Amino acid sequence: MPAQGVFDDIAWDTYCPVARLGEHIGETVVACGLVVEQRTHHQITGEPMKFLTLADWTGIVETELFGQTYKSYGLATVRYPVLEVTATVEPFENGRGFSLRVLRAGQPRSCPLGQRVKLECSAASAEVSARS
């Protein structure tokens, strides 16, 4: 987990781990990670966009926030050092990897001490069930 101990209040177990994102090509997932890099660019249309590199305890993934998504959620990308994203897992053209096309971004869920939940990593609509 990034910065073990510093972000213990984040409900890491409720997110799809980076290492399992490849199992969900074409699906919408909810992931969370420490923002380790961010770059702003302009699309062909002139609209600003942003690339983010997110890391969790299982790996690192590249994300893109295009046009309207960046306009709506760009502030969250600098406000929160750890970011929750709802995104579509999009394969690279060569089929050798993927990135996340972000649909929403914001503050990660917190987990009260002594209370843990686990989200089955399938789709964003997966149900949350209690974990012992």
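The questions and answers below concern strand pairing and nonpolar cores in a predicted model.

Q: Is strand 2 largely enclosed by the rest of the structure or largely exposed, and why?
A: Strand 2 covers residues 48-56, and a residue counts as buried when its relative accessible area is under 20%. Seven of the nine residues in this strand are buried, so strand 2 is largely enclosed by the rest of the structure.

Q: How many bridges join strand 2 to strand 3?
A: Strand 2 is joined to strand 1 (residues 28-42) by eight bridges, in an antiparallel arrangement, and in that pairing R39 stands opposite F51. Strand 3 (residues 59-65) also runs antiparallel to strand 2, with T63 as the bridge partner of L52. The hairpin that strand 2 and strand 3 form has two residues between them, and the number of bridges joining this pair is seven.

Q: Which residue takes a positive phi in the hairpin of strand 1 and strand 2?
A: Five residues lie between the two strands of this hairpin. The residue with a positive phi, near 95 degrees, is G46.

Q: Which element gives the largest share of the largest nonpolar core?
A: This core has 19 residues, and those touching the most other members are L21, L54, V61, L83, V85, L100 and V102. Strands 1 to 5 and helix 1 (67-79) each supply at least two of its residues. The largest share, four residues, comes from strand 4.

Q: Which residues are included in the second, separate core?
A: Beyond its neighbours within four places in sequence, L100 of the largest core has contacts that include L21, V61 and V85. The second core is separate and has seven residues, among them W12, V30, C32 and V82.

Conventions. Residues numbered from 1 in each chain as written. Predicted model: local features only at pLDDT ≥ 70, side-chain atom pairs only at ≥ 80, totals over all residues. Heavy atoms only, no water. Buried < 20%, exposed > 50% of the residue type's maximum accessible area, 1.4 Å probe, protein only. Pairing = 2+ DSSP bridges. Core = buried A, V, L, I, M, F, W, Y, C linked by side-chain atoms within 4.5 Å. Contact = heavy atoms within 4.5 Å.
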